[in-house]
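This briefing looks at charged side chains and their pairings, and then at one residue's contacts.

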Amino acid sequence: MLRAAVLVAATVVVVAGPTAGAQPSPPPPNDNRTNPTPVHPPATVRGTTVGATDEKNDPRPLCGRIESTVWYRIGDAPSGRIVLRLHADGDLNGVLAVYQARRSQLVPVACDVTDDNGRAEFTFDGTGGANYLILFGRRSDSVDDTFTLKVTAPGPSSRPPGTPLPAKGVRSTLDPLERPDKAWSTVMRAGTTYKMNLVPRRAECVAFRLFAPGTGDFRNARPVIRRACGGYATYTPGPRRGGRYSIFVEARGTRSVTLRYRLQVAPAGPDDIGPGLPLANQQTRKGSLNGSRINVVNFFHFDVVRQSDVALRLRAHAQFDLVLLSDTGRVLDCECGSSGGAYLRRGLTAGDYFVVVRAGERSGGSYRLSLLIREITQTQALVAGSRLVTLPQRQTANVETRVTPAAAGRVNVYIDRFLPLDGWVFSRIVSLQTGADGVARFSWRPPAPGRWRLQAFFRGTQTASPSSSAYLIVNVRS
């Protein structure tokens, strides 16, 4: 029995000894941010979180809390799309993130969490020559293991000039990872203006660039038009610049998702680029626009003969912009971004002017545009040709109101009295009608001595703007 007990004890010692003396796995060489493993696309590297540690200054990815972090670096990055794909082995769950290194600062770019198959992937737009740091870490509720990281910079998958665009446009889809771009082409003639509109599905982003005929590749060529998230644009080819133009459509986003868009191109007419339809004084024009189609903008033009008060009123149920332009294209006023109509009123000198009605993105419907041009008037209130008079008590004053240029219309004269303790207080209103000469008169007897003031307000007409006079001061002696 004693010999058996000794053997059992010896066995326990043999089994327990190695476990008690086991050393932890050494950290991988890229455990710290200061010593990242360099990668330059295209590259495939094997990595591990086994033995990896954390640093106090490790950033916290937005995708989740992590431990056991390791680092990679893309130095002097290529310009354009960069794709990261990671596959975790075993039961490892983690977060893959990329940061742009700006001196000592890390700017978050994108991140993703491994899915049920251990995969994390995303794409981002690289800035040529920039430095990017790639971080991978084990989620706090996971186990350590190995993984494979692939870094690629595939560039455009489409080649110029692209698929001919149908006359009515096209509806299509992209995927930032699987189908990141598509090239379409259309023939444009020199000296002809064309309008184009790319409309992504709501809350999504699809970019496009227009390239001239003869473009060899989309990565290095300079576009003639660039839109970062779809939108409306016009373009006119210059001398000897006619031919087949390429429209390079590119997905915006980091993860694999279906992005839908509609693209249309058509020759522009006078109502798209100017001068558009004439808009006469006191006239109302009707029209319709659709920000999701090719008819996005309507132009109108009007003349001002002499300095005038000009009012533009837009009635609509959709989100439309109302823009007033000078004959040189300078924006004078804009009622933009509102729904349910717009109103502009400005004093304008003699000249030619443009009005633009523009549909908001994905907004459309009918509208009515009205123009009212009225001469700018001046109103005076006088007694015997003066604005400051003194009257004896109980004397009647002959008050004259004069509107220039002469206009027949309603004038209201407000009469105030000065009280030493209260200041100016209201007394009464006198309503008058000016004649064709713009003059109206009335007799007024101040009811008490003291200081009085009168101010005339011309209410305006269809051809003359409202205006008000300076104060007529009347001192009544006791």
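A salt bridge here is a side-chain nitrogen of Lys or Arg within 4 Å of a carboxyl oxygen of Asp or Glu. The model is predicted, and by this rule the count comes to 19 salt bridges.

**Salt bridges between distant parts of the chain**

- Glutamate 178 pairs with arginine 85, with the closest N and O atoms 4.0 Å apart; the two lie 93 residues apart, glutamate 178 in the loop between β11 and β12 and arginine 85 in strand β4.
- Both ends of that pair are partly exposed, glutamate 178 with a relative accessible area of 48% and arginine 85 with one of 30%.
- Aspartate 125 forms a salt bridge with arginine 252, at 3.4 Å between the closest N and O atoms, and this pair joins strand β7 to the loop between β17 and β18 across 127 residues.
- Aspartate 272 in helix α2 and lysine 195 in strand β13 are 77 residues apart, yet their closest N and O atoms are 3.1 Å apart in a salt bridge.
- Aspartate 272 counts as buried because its relative accessibility is 6%, and lysine 195 likewise counts as buried, at 8%.
- Through shared partners, salt bridges join Asp125, Arg209, Glu250 and Arg252 into one network.

**Positive surface patch**

- Lys286, Arg313, Arg315 and Arg368 form a positive surface patch, in which arginine 313 belongs to strand β22 and is partly exposed, with a relative accessible area of 36%.

**Surroundings of alanine 266**

- Alanine 266 lies in strand β18 and, leaving aside neighbours within four places in sequence, is in contact with Tyr194, Lys195 and Ile294.
- The C-alpha atoms of alanine 266 and alanine 167 are separated by 7.6 Å, although the residues are 99 apart along the chain.

Definitions and conventions. Residues numbered from 1 in each chain as written. Predicted model: local features only at pLDDT ≥ 70, side-chain atom pairs only at ≥ 80, totals over all residues. Heavy atoms only, no water. Patch = residues over 30% accessible without salt bridge, like charges linked within 9 Å, V, L, I, M, F, W, Y side chains within 5 Å. Areas by Shrake-Rupley, 256 points an atom, 1.4 Å probe, with all protein chains shown as cover. Lys, Arg positive; Asp, Glu negative; His and termini not counted. Charge placed at Lys NZ, Arg CZ, Asp CG, Glu CD. Helix = DSSP H or I, 4+ residues; strand = E, 2+ residues; numbered from the N terminus. Buried < 20%, exposed > 50% of the residue type's maximum accessible area, 1.4 Å probe, protein only. Contact = heavy atoms within 4.5 Å.
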